[in-house]
Every structure is written in structure tokens, then in C-alpha cells.
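Me: I have a structure open and would like to go through some of its side-chain packing. Could we start with the aromatic residues?

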Amino acid sequence: MQNKGFFQFITVLLALACIYHLSFTFLTRKVEREAAEFAQGDPIKERAYLDSVADEKIWGLFTYRYAKLREMNLGLDLKGGMNVTLEVSLPDLLLAMANYTENPVFHQALAKATEAQKKTGGDYISLFIQALKEIDPNVSLASPSLFGHKDQERINYKMTNEEVEAILRQEAETASDRTYEVLMNRIDKFGVTQPNIQKLEGTHRILVELPGIKDPQRAEQLLQATAKLEFWETYDMRKLLAPLEKVNDYLAKVQSGNNEKIDTLAPASPADTTSPKFSDTGAESGDTAKSELAAREDFLKNNPLFSILNLARFRNSETGQEEFVESPIVGYVHVKDTARMNRYLRMPAVKALLPGDAKLLYGHKAENGYLTLYAIWVQRRDRKAPLEGDVITDASFRKNEQGAGFMVEMSMNGEGAEKWAKITEANVGKAVAIVLDDVVYSAPTVNEKIPNGRSSITGNFDYEEAKGLASVLKGGKLPVPARVVEKAVVGPSLGAQSIRSGLISMIIALIVVLVYMAFYYNRAGFVADIALFSNILFLTGALAALNTTLTLPGIAGIVLTFGMSVDANVLIFERIREELAGGKGLRLALSDGYQRAYSSIVDSNVTTLLTAIVLMVFGAGPVKGFAVVLFVGILTSLFAAIFVSRLVFEALLDKKWAIQFSSRLTANVFKNIHIRFVENRKIFYVASTVLILAGLVSFFTKGFNLGVDLKGGRTYTITFDQSNIPTPELAQALGKQFGEEPVVKYFGSTNRVKVITDYKFDESSAAVEEEIVNKLYEASKSFYAQAPSLDQFRDEDSGIGITSSEKVGPTVAGDTKTKSIYAILFALIIMFLYIMLRFRGWQFGVAATAALMHDVLITLAFFSLLDGILPFSLEIDQTIIAAVLTVIGYSINDTVVVFDRIREYFQEHKRGAVNELINSALNSTLSRTFNTSFTTLVVLLVIFIFGGPAIKGMCFALLVGIGVGTYSSVCIASPLVLDLGVENKQPVPQA
């Protein structure tokens, strides 16, 4: 083996890198177990504990905060929680930009665009403009009755439709950015660990994940609430010094145990204490370290408030001393201490000690881990702000020509300008706070009275800060709501069951593959097992390094990789067996076997990689997670099979160990077999045609059972306290509540059912959610041995009642359906082009593509024909589409290996009859075809049996598809090459 030392070094380096990245997951799990034990089921305590130890090193290695950012995350389907996709309401945006016009053409176009988007998805603004032009071909978007009205400063009546459209798109993007900013600030209020939010590029949608959320309905309501923008006068922090001293003294007395208990956490670490007051109590510079520590502990004990609140002091330019000055900035609180600070401020006694006209709010951005604490002045009895955001007509940002950074400019309407003039006149030299959802975004100082409502805000902003502030200000004029278009809630009990099912299937599948490889290939099989273990390390380490979120389909992808990872080893071992049978020595047979297998290995895995890329591009959520696992798994499998196994063989040869590639039972399996595949091709064609026609008849008569992510709707998983729930009777009871019977079927066991309904699925208000839950409860409670209360029924944590739910709006469903069709067509086109170019013959490309279409149609035929017959769900959803695409990748993998052997036989036997050469090639690959398909199918069968109900349909699709794909590679694709007129004389390249 050339460069053996280099590959040994790379292998060791990769292994160490993987262990390093996986260590973060083990470290965080250790801390979280301790937090769970401490909290005893209280999520607020658990989060507060994690916040308090976030910067402490674990085993002297890394802090919890550092490790948490680098751990392998679990998806909500594994740990429970809420997954919400919100979409900025572009109809509301356009209506606001048109100044709520009553133009009938405008409203007709809105309705038409909304309906079109429900059916086909697509860009809403394009659909709206298209609808306008269909109603009025001569429409002008800059018309005063549309967007060119006097209050719209950016659009005038002279603009072209293209110019107005560009502005509409900019405003839509700005509204999306602002919604994202608002939601970023809101998700921290839910009291969950590790919330996640991300913009879905190419759409105006935002994904929010809230693991372990306790009140999904409240969370959904808060997420959809319109943002509240306010302008407040500020409070002089010097007036708060004496009240804060009293609060600190009071808290010290309470903490000593004389009154109520206020804190169950350890106080902040001395290293984190930066309050200016600390220097007054510290030891002299000549004191020992022991006395310094004692002084710090004494300070923490006597100053519970000032141990977490660093009062703001500013340096006097004349004296050089730090002192308190007139400023709205009270001080700074570390992010990990905000939970304690909030508890202090909520105490009735503390509220009584602080001035009633002062309100403390945090700034929106932490610097070096600290949030700024501002004081605003509440003057009105109704405690409302003197000016609100609805007076803003426009806001923008640009480079500050007279200073550093960027500046923000805003303008107000007449009413706002009048109020703004009074506020600025009364606060010259003072700060005015810009507050969004009780978070201070900026507190600029007023330099002079602003009479016309046009203001410039300078503050050395960077680009992102200026953009964010302008977005917040502009949102005051355009209060665009964000609607929930997709939602999934998984209770922790269901998540824990999914983890158990996934782990069980993974362990059993691994054992099956290890035992089979050792049985079939003898000692060489143990080498393949070592390669498989290294592949598991490389795969999990790579997923951790990429910060991949592991979902249940992702676990299925890992398990599937077990079966697929032996494919390269099987190809190599079969080649080595052929070389040994030809009389070569072991070392030479190893070298030539690896060399001759490379072509098939590369071709077969490139096609599967292309499939994974298509899945990543068109898939979303769990499907994209599955694609990432599949993509990374193929790469790590190749490295393990080609390099790790070769290094192990070289080590065994150096030690002169005997290596067998078969046992007595398997040595002569598949030898001397001469099946006449080509001659029997008409039988195969007829059998496949019958199945496909039966499927097509079922498609057009019975149709498919589409999941809610493809047709829209709501699903609820309901768990009962007794088995054998009569689903027909339950469906009837639910039908009386909803007016139409929903679909009700068992989900994994006879005490758990899935309810699928399209009742008001295009509405997402809290009232509708409450109505549906009440109807579900009223219909279901009589089917319990002991009916739970309504609160228990709706609580996903209770393990009884609703344990998971999902809602998909019509817009998302339309987009998903369109993307699914594009994904399958795109995958077929890519495979055709790759095969045609790689084998330099259109016959190979057409035959391979026909076989793939054959596999897809038969797989889908089973889902239509057997739906309602088999005792598990055969819904077509995103995971089934992912399975179909995986089948395409796996089937082409098989086909490429067969084609590669046909190509080899064509090159070695220039004058041989084509049909005989194809037969010989097919028979020579039977051992490889059987072993790879068998291991993969056995692994899938294990997942199907033990993997849980959530992925049973996906596993069934893979079982059918890979079985059919193996058949089509041998019995359909290869004979088709002959029928399409391939000739032995055509130039086929040597790989």
C-alpha cells in the first residue's frame, strides 16, 4: 500500500478529532443530569442552574456554555417540545403599504393571490401583481389608489411597475428581518433551554424551536402577537441609588433567613462580581489571598443585589475619577444572573422600595456577556408611553458622513411630529429610549428640539445594528403580523419513547451486520466489522462537528448507513476472491482487488451522494437532517471501507496472519450459476408492467393518503389509559364535534391513536386552537377508563391525552408538494445525465432512468394499493418522499455496479455476443448484489420492527423500494440496454 504512513496518520488524526467533538456532548449531558437532579422537575430551576454554572469548567476542560454550542443536538421528535414555522403576512403588509385602500381591484387581487398560493405555493408578491394585471391589464402600481398615495414617501406616481415591485420586495424583506428580530427577543421569555430560531432562506418564514415548552398554546399566542414599539422619556439613575441601597439591604436580611427564601441557587462566583461597590469592601493590597477571598465572600453575603448588578459609573474627563452621572443606564447584569435579578424585581417588597414612576428594562444586546439595565420614566397613570410606533412613516439607515459607523433616520406623521417636538424640547441633553416589546433597542441623547418629526439617530452603529434599528422603527408604521403556518408539538414521553426505539433498532441492526459479515467472509469479515466501528466513530464525530441536529429520521439514516457501509467492503472482498481464485497470492490479490473495485465504488457512491444533495436542497426539517446524515455517512463509509480496512489488512499481512475471505459454508455460494436473465426479460417486463398498471389504476381511483405536510390539516396523537380503543366509534364521536368524521387510526399501539382533520386548518388563532382541543376532549373522554381533566388532556407532559400535535397550513402544504415533485424529477434527470456521461452511451442512461421510474412507481403503487389494509399508516409525507429519493440513490448504486461489470466484459471480450456478455456480467455480480441488498434489507427490517411508529412508513417504503431496486438493476435495467441497441463495438472507457 503506497503512502501507508500518511493514511495511518490521517486515520489517527480523524479519530482524535471525532473524539474531541463528541466529548462536548458527553460533558453537557453530565451537567444537565446534575441540573435535572437539582431541579426535581422544575424547568425554571433547571434553566437557572444551567445559567449559574454556564461559565464553570467541567473536569477542568471546557465551560458548559462553550460545550453546549458544540454538542450534538437532539431534534424535538426525540426530546419533546414545540416546532413552529411563522410566515410574515404579506397581504397585511401590502394592505398597510396601500394605506388600507378600498380599491375593489386591489382586494380582488389579494383574494386571488391568496387562493393561488394555497394551491401552488410560490412567491406571494409575484402572484399578487399577476392577479392585478389579469383583472386590469393597464394597472399602475404607483396609482394613488394603490401604492402611490401621499403617505407613502418611497413611492410616487411617476414610478414604473417594475420600480414599485422592487420596493414592495424590499419592504417584505425588511418586515421579515424585523419579525426575526422581535422573535429573537421573545423566545428567551419561554423559560426553555436551548431555544432556536432561524430564517428559512428564500421565503418569508421563520422557524422557531422551543424544546421542553410547558405551555405551547401560550407560546403560540405570544409568538403571533404584533410587536409594540414605544418611545419613553428616561429616568436619572442617580435618583435610584438610595432606593437600590435599601433593596440590597432588604435582600441581605431576607437571604440571612429572617424572612422568605428568595434564592435556591448558589450566589454568583466571586470572579464574576464586578460591582463598583466591591472595591470599597476589598482587602488591602498587602493582604494575603486568604483574606481577599474572605472579603469577597463577606461582600457576596451582604450584597445580594450588588453582587449581580454592576452600577454604571463614567469617567470624569477633568478629574479622571469614575462617578455617577445623569444617565438612564442603571448598570450591567450578566446574562446568567438575569433570572435572579428578575426574581428580585418581582418581589412585592422590592417593588415598594423602588420609585413607582421608574421602570427597569434590559437592553436588547449583550456585550461580553452583560446586558445593560435602563431606567425609563413612567409619567401617565395608565402607564402607557407618551409616543407609540404607529406614528412612524419611514425609517432608513446610511453611512454617517460626519462621524464613524452608520446612522438611522426616521420620519413621523403630523400627529407624531407634534408629540415628538414636545418630548424632544423637554429632554434636550437627556436620553429618550426606543423600546420594542419591553426591550430597549436604543437610548439616544436629544441634542435639540425636533419640530418636523424628521430625526437622525447617531451612535457609532455598525451595519447590522443600524439595519436592525431601522427595521424596528419602520415596523411601527407597518404592524405586520406573523401567522403560524406549520406547527408540531411533541410531548417528552413520546420523545423518550422515540429515543428508546431508535437506540434499540441501532444496536440490533449493528449486531446483525457484524455477525453476518463475520459469517460470510470469515476473518476478512472481522476486518469489515472494524471498518464499520470506525465508520460509526467518524460519522457521529462529523455530525457533532457540523453541529447537526439529530432527528428520528436521522437515526434511521445512521442505521441505514450500517447496511450501506458494507457495500464497498463487499465489492472489494468479491474482487479479492476473484483474484485469489485466479491463482494470485494473498498480498497481490489484495492490491489488485482494491484497485479493480475502485471504479464501481466511486460510480455507485457518487450517484447516492447526488441523491443526498437533492434531498438537502429540496427537503426541510427532519428530511434535511436525514439527507445530511446520508451524505456524511457515505463519505465516512468510503474512507472506512477503502483506507481503514486496507490498513488493517496490511497490519495482518505484516504479522503473517492467515486471512480467509470465505468459510466452508460460503466458499462456493453463487459459483457456477448461469441464470438466463436476458432470455427471460419478457417475463420480468410483463410482471413489472402488471404491478405498475395496478398502481396507476389505484392512483386514479383510490388515490394516495396524503399526510398533512402535503395537503394541509391538523394531526393529534392521543394516548389513552386502556388498550383496544375502538377507532370507528371514536371517529363517529369526533365527527359529531367537527361536523365531519376525521381520520382516526392506531399509532404504534392500540392505546394510542392519531387523529387527522382539516377542521379550520387555515386558521391559527388561539381561540381556534382552544376550540379544537375542547372538541377533542369532549369526544375522547368517554373512551378512558378514568377520564383525565381538560388540563391533563392538553398537557403534553402528562403522558395521557394529547402527546403530540401538528398543524400545516395550505400555503406550506402547497410548497412542500411542489418541492417534492421537483425533487424526484430533478433526481431522475441528474441520474440520467451522470450515467449517460460516465458510460458514454445514451442506452445506459435511458435504461437506468427507466429502471428508476419503475422503482418509484412500484414503491408508490404499494402505498396506494395497501393503504387501509396493512395495520400501520401508509401516509405519503415528506419522509416518504425522502425514502423514495433514497431508493433512487440506492437503486442507481446497484445499477451502476452491474453496468460497470457489463462495461468490463465488453472490454475483455470484444467479439462476444452482447446477450451472453450481459448474462455473464449479471451472474458474476450476484454475490455482491445479494450481500449488499441482504444486509441493507435486514437492517431496514430491524428499524421497521423496533424503530417506532413515527418512521414505520418510511422504513416500509425503503424495504419495498430497495427490494424492487435490486430486482430492477438485474432484471430490468440490464436487459433494457440490449433492447435499446447497445453494441459491443462502441468505445467504452476504461475507468
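Reply: We may begin with F934, which counts as partly exposed because its relative accessibility is 32%. Please note that this is a predicted model.

Me: Which aromatic residue pairs with F934, and what is the geometry?

Reply: The partner is Y516. The two ring centres are 4.9 Å apart and the planes make an angle of 45°, a tilted arrangement. Y516 belongs to helix α16 and F934 to helix α30 (residues 926–946), so this pair ties together parts that lie 418 residues apart in sequence.

Me: And Y516 itself, buried or exposed?

Reply: Y516 is buried, as its relative accessible area is 12%.

Me: How many aromatic pairs are there in the whole structure?

Reply: A search of the whole structure gives 33 aromatic pairs. One of them joins Y516 and F519: the planes meet at 50° and the centres are 6.5 Å apart, so this pair is tilted.

Me: Where do Y516 and F519 sit relative to each other along the helix?

Reply: They are three residues apart in helix α16 (residues 492–521), which means that about one helical turn separates them. F519 is partly exposed, with 41% relative accessible area.

Me: Which residues make up the aromatic cluster around Y516?

Reply: One cluster contains Y516, F519, Y520, Y521, F573, F649, F661, F670, F930 and F934.

Me: Now the nonpolar core. Which residues touch the most other members of the largest one?

Reply: Those are F573, F649, I835, I888 and F899, in a core of 132 residues. Helix α28 (residues 878–908) supplies the largest share of this core, 17 residues. As general background, nonpolar side chains in soluble globular proteins tend to be buried together.

Me: What is I835 in contact with, sequence neighbours aside?

Reply: Beyond four places in sequence, I835 contacts R840, F844, G845, A848, I892, V896 and F899. Another core lies apart from the largest one; it has 31 residues, including V88, L93, L95 and I155.

Me: Back to helix α28: what about Y905?

Reply: Y905 is found in that helix. Y905 counts as buried because its relative accessibility is 17%, and the cut-off for buried is under 20%. Leaving out neighbours within four places in sequence, its contacts are L917, S920, A921 and S924.

Me: What is the C-alpha distance between Y905 and A921?

Reply: The C-alpha atoms are 6.6 Å apart, while the two residues are 16 apart in sequence.

Me: Changing topic: where do charged ends sit over rings?

Reply: One example is K239, whose charged end is placed over the ring of Y235 at 5.8 Å from the ring centre. Another is R646, with its charged end over the ring of Y594 and 4.9 Å from the centre.

Me: Finally, what is the strand order in the open sheet of four strands?

Reply: The order is β14-β7-β17-β18, and the pairing is antiparallel. β14 (387–388) and β18 (439–442) are the edge strands, each pairing on one side only.

Me: How many bridges join β7 to β14?

Reply: Two bridges join β14 to strand β7 (residues 229–233), and these strands run antiparallel. Opposite L387 in β14 stands F231.

Methods: Residues are numbered from 1 along each chain as its sequence is written. This is a predicted model: local features need pLDDT of at least 70, side-chain atom pairs count only at pLDDT 80 or more; totals for chains, interfaces and linings use all residues. Side-chain values use heavy atoms; hydrogens and water are left out. A nonpolar core is a set of buried Ala, Val, Leu, Ile, Met, Phe, Trp, Tyr and Cys residues joined through side-chain atoms within 4.5 Å. Buried means under 20% relative accessible area, exposed over 50%, partly exposed in between (1.4 Å probe, protein chains only). Contact means heavy atoms within 4.5 Å. Rings of Phe, Tyr and Trp (its six-membered ring) pair if their centres lie within 6.5 Å; planes under 30 degrees apart count as stacked, over 60 as edge-to-face and the rest as tilted. A charge sits over a ring if NZ of Lys or CZ of Arg is within 6 Å of the ring centre and within 35 degrees of the ring normal. Two strands pair if DSSP finds at least two bridges between them.
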